[in-house]
Amino acid sequence: MAFTEPVLTKRIPLDPEKRKLVSYSDYVATGGYEQLKKALEMAPADIIKTVTDSGLRGRGGAGFSAGQKWSFIPKEKKTTHYLTVNADESEPGTFKDRYVINHDPHLLLEGIAICSLATQCDVAYIFIRGEYHYSAKVLEHAIKEAYDHGIFSSEKGILGSGKKLEVYVHRGAGAYICGEETGLLEALEGKRGWPRNKPPFPAIAGAFAKPTVINNVETLMNVPMIIEKGPAWFKTMGTPSSPGPKLFGMSGHVNKPGVYEDELGITLDYAINKLAGGMKGGAYKASICGGISMGVLGTNQLDVKLDFDDVRFRGGCLGLGTAGMIVMNEHTDMVRALRNCVRFYSHESCGQCTPCREGSHWMRKILDRIVDGEGKAGDLTMLMELEKTMGIMPGTTICGLADGTAWATRTFISKFYDEFARACPDDPVKRVPLTISTGRFNVLTPMGSNTR
Amino acid sequence: MTDAMKKHLEEKYFPRYPSKRAVLLPALHLVQHTYNWIPPQAIEEVANFLEIAPAEALDTASFYEEYWLKPKGKYLLQVCRSLTCEICQGEKLTQKLCDKLKIEVGETTADKRYTLVELECLGACGSAPVMLVNERLYENVSPDQLEDIINALPDDPHDFKDPDITWEGSSH
Ligand SMILES: Cc1cc2nc3c(=O)[nH]c(=O)nc-3n(C[C@H](O)[C@H](O)[C@H](O)COP(=O)(O)O)c2cc1C
Ligand code: SF4
Ligand code: FES
């Protein structure tokens, strides 16, 4: 592991006073769009191989190999291919994509262009959540700059190469579920954001039933530097199975909340105390592990490594998710915290699957009454029973939102059992051993395998 | 829908998508930006314009929280209620706004100037607690600042600009 200086955020100063929006000319003056020129000289298969060799895994939550995903797109082009960039970022605790878009939008555009060359995409839609008004305007402005300077051109193609690519911003309208990749596609097509049953997978029939790549903002931002410096360099950062730099969103009870870039595999302790300036208002108690859907890391888990594996196998969480950590001090009420999470899911469930729609609703009602001091005997048992019935893992739902509900509930209750038991004094349930993910499933991606 | 709105959609959005229905979200955004909500008549007109059934347009419009199918105040005060903001005392913002405006969450003041809602995570947890006023985000808000924030809002919401946007451009 060797991370010496920021690479993804090299154009964004750590000092907030010095940060500004990197314009087209600033971007080009600091080596921007050079990698796009290099990629234009490469065959699509070579770009895909380079990205696959780098071991870059998706930064949107599921950690699926980016190069492998691109390789599923038909090589022989028979029809329009689409790239949809996932900038829906609505997972509580996650604010990294907004940070990089607001400061260095051209890095995303360069990543989009290179990905489109590799997968022969004709149109790229940046799907951005409706609440990101400012960021949407930043992106539209950056796209205009890129067209004005011939990076994109409807007549001449990318940098005059004849390879056509149109880039558009598509704004969502306030629904977390549109971050799920097929919910996103439905919203793009002008429908309600109901996730689709898979197969068919988006690589074969995605947006408008055409082959479609879906990648997170941060994933694509890694691509130019991989083209520049190569897979071996990329792998000097991070761990063997989780290479590269990562944006960590640190929020909650820390002295210096914000987005920090470091390498994958740093410990939670390091993230809190070295990056985010240490605890505020009291000693460390718990931390959400990468967005609330991943679950919570407990008081004695500061040594867990923040990469795609350790948080699962040793941390007992669903995964690293978006690496948005919500850090909580000793004065935080875990029952209230879980209630907040479950309220989120019951509010955001799209309503298609009964276990998710009804389950989260009932769980919320139960948690509401526990918070109100009216926890009944049996409430904890009921919560833990409900939690096991919902999600892609038990195979009862279409998408992974319900797995998030389940893992948040499971990890909060198992790691802070005493606190929950105190709130429901008559409950007969004994302390349950922590459920550790087997790692057999990769819940958030329909491609369905993990890359270990 | 005015002719100007139709022309705008035709020129800017129709070329972007292979289907007219895909223009539905942009069209609804435009209607709401113009009229501050989406009246039933607009649903009908948008549907006709995009050659889909009104029921389909309504189905989509009603799914998304950002679309208001009933009138709201000139200023929509949207306080984040998700986990980071909750543990960083975001509830105090809601409380203070309720007290000051004498309304509950979800209600509009009698003069139709403010509507107060709570939203889920606004993607700005690093500067919790946060609130969105129409299209502008306020970060690290303390209850004491609310008075000033509200008093500074111009009478016409179309004059309410985000000072960080220093270039021309719109997302509608
Ligand atoms: C309920 C739900 C919400 C999601 N929200 C987001 C999101 O806001 N942003 C994102 O990039 N991925 C999100 N994902 C993951 C996407 O489905 C998809 O895996 C990802 O965009 C793929 O990009 P990547 O491979 O580059 O990570 C979500 C998944 C689920 C199940
Ligand atoms: S799991 Fe929940 S959010 Fe996902 S499709 Fe089913 S009901 Fe909708
Ligand atoms: S929790 Fe409030 S902005 Fe994320």
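This is a predicted model: local features need pLDDT of at least 70, side-chain atom pairs count only at pLDDT 80 or more; totals for chains, interfaces and linings use all residues.
Me: Which geometry do the rings of A:Tyr176 and A:Phe344 adopt?
Reply: Over all chains, the structure holds 17 aromatic pairs. In the pair of A:Tyr176 and A:Phe344, the ring centres lie 4.8 Å apart and the planes meet at 65°. Planes over 60 degrees apart count as edge-to-face, so this pair is edge-to-face.

Me: How many residues apart are A:Tyr176 and A:Phe344?
Reply: A:Tyr176 lies in the loop between strand 3 (166–171) and helix 8 (181–188) of chain A, whereas A:Phe344 belongs to helix 14 (residues 334–348) of chain A. The pair thus links distant parts of the chain, and the separation is 168 residues.

Me: What is the angle between the ring planes of A:Phe344 and A:Tyr345?
Reply: A:Phe344 is buried at a relative accessible area of 1%, and A:Tyr345 is buried at 0%. Their rings form an edge-to-face pair, 5.4 Å centre to centre, with an angle between the planes of 80°.

Me: How far apart are the end C-alpha atoms of helix 7 of chain A?
Reply: Helix 7 of chain A (residues 133–148) has 16 residues, of which 12 are buried. At 1.5 Å a residue, the helix should span 22 Å. The model agrees with this, because the end C-alpha atoms are separated by 23 Å.

Terms used
Residues are numbered from 1 along each chain as its sequence is written. Chains are lettered from A and ligands numbered from 1 in the order in which they are written. Side-chain values use heavy atoms; hydrogens and water are left out. Helices (H or I, at least four residues) and strands (E, at least two) are DSSP runs, numbered from the N terminus. The expected span of a helix is 1.5 Å times one less than its number of residues. Buried means under 20% relative accessible area, exposed over 50%, partly exposed in between (1.4 Å probe, protein chains only). Rings of Phe, Tyr and Trp (its six-membered ring) pair if their centres lie within 6.5 Å; planes under 30 degrees apart count as stacked, over 60 as edge-to-face and the rest as tilted.
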